[in-house]
Amino acid sequence: MASALEDKQSLARIVKDAQRTFTADPSRVECDFKAYIKKHLRGALASKGDPMRHAVETLRAFVATLGDGWTGTPREPRGKESDAYRTKRDAWDAWSAEEEAGTSEDAVWGLVRRTRAHESFKEAYYGLPSHREGWRRTKYRPVRWCIERGVVPVVLGVDCEMCETDVDSRALVGVSVVDARGETLLKTLVKPPGKIIDLKQEITGLNEADVMASTMTLSHVQDAVVKLCKPGTVLVGHSLMHDLRALKIDHQPVIDSALLFRYANLPRSTPGLAMLCQVLLNRKMRQSSGGFHDSSEDAKAALDLVLWEARQLKPTYEIPAPAVKVDAQEMCKLFVHRIPRGTHLEVLKSIFAEEDRDVIVDIDGKFLGDDVAASRDARENAKPTSCHVIFPSTKAANDAFERIDGTSGTDAIARPQKACKMQNESGLVATVCVRKMSATASGQIFGVKDAGEDGKRKSAHADEQEPKKKRQRKPRIALPGDAK
């Protein structure tokens, strides 16, 4: 008989599938779980899109609205080999969970456990589609297996640069791997597949001619990275799942610095790598000309954060939200995101009251209107875009925000935000979000949220988990990834 937690997880999978259906086809408004909770719930829960944060009754009520005939989006078949891999991995995880962590274990293994204990871990890392063609899997070694055999962890920092092409929205364009001594083991540009649509030069500072001249391909990089991943190798990064997706490599164990720390009183927040380095390591990042990202600098920064945390006598779960203010000239802007690509400016302006449309000074963004550097098919399958809507003054921006007809909420760092409907020329309706540039009228970027609800949910989930069993012997099954 399924446990209460298993029932909730099954409902959550249905809800996520419904949300994916809405994302792929905005006309399927009945599948928009985020719009449903904003309509039927009040308070902080109305802005939380993760179904596991909601009560079972809420999930069950939403699923009931889908009807008996709802089948969801077709899933790509994984195949017998992939199912066998997942079965073995789950068996080893169950075996590992029966072990009580010892105080004498290496601190790095403790941070691996801490990463795995985060509520977002499984969705982020076990959701990697490594059954697809072109992906690589390394041999899976559970933490308990490594500890019992005295395997010393070898930590490697990883960071990637991505661009958008007409065949891949997050194509690998650069990668760096560094070791604990700060030595660079791999740093190279990678020639991406297809035609480059957006090199993200404002972030990477890369030159298209240099990128396209690279002789390294994704397959070459995969060979180099997999060769570095031996039993006991722990890959480290900040939001590392995005780097693994770009590399198309499925590896465990990992330590994700984005899952280790959060801002105090902001339970859904994820501090940026630069902010963590400034607060914990007293180090400023991106001081080079232009302030561009450098994959080797980011890889080393994430690794240094993890090594610093491993040396602490007590874990550092939270850091204080910094007293950072928005530049005064930025306060006259509103940030609009989740915009379908190709949306015309007049359609975008329609989300504002008529009196506010006339005073808009400018709209600063990419992939809006007819100025879209992609084919129609590529545009429709691409990720949404975003922009800044600029008003003549801070007051004009605040007034325009208040007059938007939408559901009010806040983002992860407590900045006011509204979700509203936007209809294009074809009659298709999309939900876009409009957000203020700061959390307070004085310009403070970070606000404060009540973590009580999150604490209650965590306690409820803890009650649903089964009690630990006594330590058992290793199951007689092959390790996933072992040669037959």
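Helix axes are lines fitted to C-alpha atoms over the stretch in contact, and the angles between N-to-C directions run from 0 to 180 degrees. Helices (H or I, at least four residues) and strands (E, at least two) are DSSP runs, numbered from the N terminus. The structure is a predicted model, in which local features need pLDDT of at least 70 and side-chain atom pairs count only at pLDDT 80 or more, while totals for chains, interfaces and linings use all residues. Residues are numbered from 1 along each chain as its sequence is written, and side-chain values use heavy atoms, with hydrogens and water left out.

Two packed helices are described by the angle between their axes and the distance between the axes. Helix H5 (residues 107-117) packs against helix H14 (residues 295-311) at an angle of about 110°, and the two axes are 9 Å apart. H5 is therefore roughly perpendicular to H14 (65 to 115 degrees; under 35 counts as roughly parallel, over 145 as roughly antiparallel and the rest as oblique). In this pair, Ala107, Leu111 and Arg114 of H5 meet Val306, Glu309 and Ala310 of H14, where contact means heavy atoms within 4.5 Å. The residues of this contact comprise four nonpolar, no polar and two charged.

Val112 also lies in helix H5. With a relative accessibility of 0%, Val112 is buried (under 20% relative accessible area; exposed is over 50% and partly exposed in between, with a 1.4 Å probe and protein chains only). Leaving aside residues up to four places away in sequence, Val112 touches Val143, Val234, Pro253, Val254 and Ile255. Between Val112 and Ile255 the C-alpha to C-alpha distance is 5.2 Å, although 143 residues separate them in sequence.

Most residues other than glycine have a negative phi, and most peptide bonds are trans. Pro253, one of the residues touched by Val112, is joined to Gln252 by a cis peptide bond with omega of about 10°. Pro253 is placed in the loop between strand E7 (249-250) and strand E8 (254-256). Lys248, in the loop between helix H11 (240-247) and E7, has a positive phi near 55°. Phe367 likewise has a positive phi, of about 65°. This residue lies in the loop between strand E12 (362-365) and helix H17 (376-381) and is buried, with a relative accessible area of 9%.

Arg341 is found in the loop between strand E11 (333-339) and helix H15 (345-349). Arg341 is buried at a relative accessible area of 15%.

How values were computed:
Ala, Val, Leu, Ile, Met, Phe, Trp, Tyr, Cys and Pro count as nonpolar, Asp, Glu, Lys and Arg as charged, and the others, Gly among them, as polar.
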